[in-house]
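Look at the model first, then read on.

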Amino acid sequence: MIQTLANWILSFDILSGMGYPIAWGLSLFIVAALIFVFVALNALVLVYIERKVSAFMQVRLGPMRVGKFGLLQTVADALKLLQKEDIIPEKADKALFTIGPWTILVASVATFAAIPFSDTLLAADMNIGLFYVVSISSIVVLGIVMAGWASNNKWSLYGAMRSAAQIISYEIPVGITLISVVAVVGSLNLQTIIQAQGGAGNLFHWIPIPVPNWFIFHSPFLFMATFVYLIGGTAEINRTPFDIPESESELVAGFMTEFSGLRWALFFLSEYANATLVAFILTIIFLGGWQSPFVNYSSAQIALSIFSVIAVIWTVFVRMKSGRLSIYPLGLSILAAISAWLFPGFAVWLASPGIFWILAKVAGIIFLLMWFRWTFPRLRVDQLMYISWKVVLPLAILNLMGVAIWMWLTGEIQF
Amino acid sequence: MSYFSNISNAVSTLIDGMKVTMGYFVRPRENVTLQYPDEVWPIPERNIGVGELDSYNTIRSKLHVNMDDCIGCKACERACPVDCIHIDTYRAAPDQDLGVTSNGTKIKLLTANFIIDMSECMFCDLCTPPCPEDCIEMTPDYQFIGNDNLNTDVTPEERWRDRDHLIYQFSKVPEEERQRLKAEAEEAAKAKALAMAAKKAAAEKAAEKTAPPSGEAAKEVASETSTEATTEPESIVRMEDIQFATPDQEKITSDAAEEKPAAPEESSDTAAKDTPMADEQTEKPDPEAETGTESSRDKDSNNG
């Protein structure tokens with residue numbers, strides 16, 4: 001993408017005199033700025049959506065006062081955080097205290113360099129993309145430990161130690177789960193992994209239900225591996241069932257206790273960047289990335305029709321049973337099905353791969369993470385370790401071996 | 001096997017919980033949150049009063065005075081149990097016409113001050129029935145917040161103990177006129193006091209002339225009055241003794257309690273006598289303990 005952008009810049013008559021290296025550097029800067037803007041805006045939107053989702057799940061309204069439906073609430077919050085006093089505790093390790101939040105932010109933003117948004121839209125097409133993402137996102141724990149240690153506060157240090165223990169524990173099942181997918185594809189390149197998921201086939205190779213060739217439907221083992229990665233990813237980004245590093249009721253705010261203003265905003269930014277990153281990885285590895293769920297436009301039409309019929313039946317059933325159900329999803333699905341039949345161009349667009357599909361899938365995963373957060377209670381430290389070492393890790397190893405056997409059974413590889 | 005049953009149990013309960021939250025998320029239902037400045041709870045239309053007290057049916061909140069009907073009789077000021085109404089009236093000038101109330105009563109007094117301190121009001125509604133002109137009433141308006149009477153001289157840090165925005169002045173007399181009236185009244189009172197003092201002095205002089213007392217007798221009278229003056233507060237002093245000398249009294253009573261059980265053993269052999277004595281001894285320190293707690297409460301309140 002950087003080379004394309006540099007060539008595009010040089011194609012203008014006025015700018016062609018700067019030479020390729022300068023154009024390359026300029027496009028590098030532009031891409032980096034675009035990624036950072038994406039991360040910042042993403043956090044701004046996700047904070048609002050998270051507050052609204054939590055409010056609706058708890059029969060509240062959420063932010064309503066700033067702007068229409070409180071749409072400008074996060075903007076106001078961000079402006080407030082930027083204005084706040086820059087406080088460094090007297091007994092804190094000032095250097096580490098200053099570097100810590102920036103380390104976390106850099107680690108979480110740098111990971112987006114390897115994330116493919118579509119078949120052409122990605123910053124760096126690396127042949128070790130998956131390895132890069134996993135290793136760079138592990139630097140976050142370094143920043144957390146730095147912040148917790150530098151604060152010179154017992155809550156902060158507890159939070160940092162818990163975070164280190166948790167992330168190190170969950171890196172292992174997550175890594176093994178990712179290896180099981182790499183074993184299927186034979187490549188660490190994220191684009192190759194997505195391209196291997198094109199087309200459609202039978203569910204679990206033998207069950208005659210037509211599904212896209214995503215790895216979640218590849219085999220029962222990769223189906224389980226999806227949920228293993230979901231659990232491990234949730235733990236790695238410190239979200240609620242696994243939020244012991246910043247558990248409000250026990251550790252004040254964990255490693256963030258002493259931070260305020262801009263530095264705290266950086267923590268918040270990187271937290272949502274990490275959540276988005278986990279959703280992206282899950283989408284890319286198991287849910288086909290930017291691949292469309294429909295193979296061609298006629299399958300899009302048929303699938304949407306079936307979906308809207310199911311929605312009608314479900315809505316009628318639930319309304320008869322409980323009397324109250326929103327009809328907007330129903331109307332939206334019927335509208336989509338009708339327009340897919342009336343306008344073939346819409347159906348073709350739906351069936352073609354692109355940035356819409358990866359963002360839609362990521363939005364779904366993030367909603368799932370929010371759903372988790374506002375439903376599940378927090379785990380105890382020993383329960384967390386129990387789940388990691390005794391439940392998730394054996395399952396991940398089982399998946400890795402099972403996938404190998406499955407590929408031998410289905411004839412994908414021969415010995 | 002409990003290992004796998006634990007895992008399946010965990011998964012099924014998690015799915016149950018997710019069903020509950022998704023049910024709340026999807027189904028639109030009656031909203032619980034009240035967007036306060038835009039929406040307020042409706043005031044219930046209930047009738048507390050019966051028969052003649054039918055006017056007693058509003059929610060008792062902010063007081064309002066219709067100054068066109070006020071005759072300055074101070075009936076509400078007298079009725080107020082917490083003295084939150086302050087009224088100053090002055091006699092109208094002979095050529096001044098203050099108008100007529102809606103009941104047809106002629107207003108004879110100029111009400112220069114009609115202050116209601118709503119921070120002291122306890123909303124008892126005792127001030128409205130005595131009003132002969134029905135001009136003071138409790139309104140259903142319960143929202144006291146606003147900038148109307150806000151004291152802008154006070155810094156926001158001191159605002160929490162600033163009650164000026166809760167003090168309502170109902171009189172329509174302008175501030176200058178009010179101060180002029182006050183000064184005039186003070187001057188008149190001073191003149192009156194001077195005149196009274198002069199009168200008194202003249203009367204005393206006249207009395208001295210009629211019966212001139214000897215110097216010693218006068219001194220005796222003075223000493224007697226002084227002793228009387230000192231003896232008068234004796235009761236107060238006694239009260240103070242009771243209040244402040246409780247620790248000593250407790251000591252005395254405890255000493256007595258220690259001594260007393262020894263006496264019955266010597267005097268009486270029956271064990272039956274011991275129990276009532278013991279009861280009395282246990283009961284005795286109670287009043288002192290009560291006073292002690294009261295004094296401690298006073299201290300607490302002082303500290304607070």
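H2(A) supplies 4 residues to the nonpolar patch, the largest share. The model is predicted. Two helices of chain A, H2 (20-57) and H15 (355-373), each give at least two residues to the patch.

Is A:Leu26 buried or partly exposed? A:Leu26 counts as partly exposed because its relative accessibility is 37%.

The largest nonpolar core has 70 residues. Within this core, A:Phe112, A:Ile285 and A:Phe286 touch the most other members. Helix H11 of chain A, residues 261-286, gives the most to the core, with 14 residues. Domain 1 (1-83) and domain 2 (88-292 + 355-410) of chain A both contribute residues, so the core lies between them.

A second, separate core has 21 residues, with B:Met67, B:Phe114, B:Cys131 and B:Met138 among them.

| Core | Size | Residues include |
|---|---|---|
| Largest nonpolar core | 70 residues | A:Phe112, A:Ile285, A:Phe286 |
| Second, separate core | 21 residues | B:Met67, B:Phe114, B:Cys131, B:Met138 |

Which residues does A:Ile285 contact, leaving aside its neighbours within four places in sequence? They are A:Leu130, A:Leu178, A:Val181, A:Leu190, A:Ile193, A:Gln197 and A:Phe215.

Technical notes:
Residues are numbered from 1 along each chain as its sequence is written. Chains are lettered from A and ligands numbered from 1 in the order in which they are written. This is a predicted model: local features need pLDDT of at least 70, side-chain atom pairs count only at pLDDT 80 or more; totals for chains, interfaces and linings use all residues. Side-chain values use heavy atoms; hydrogens and water are left out. Buried means under 20% relative accessible area, exposed over 50%, partly exposed in between (1.4 Å probe, protein chains only). A nonpolar core is a set of buried Ala, Val, Leu, Ile, Met, Phe, Trp, Tyr and Cys residues joined through side-chain atoms within 4.5 Å. Domain bounds come from an automatic or database domain assignment. Contact means heavy atoms within 4.5 Å.
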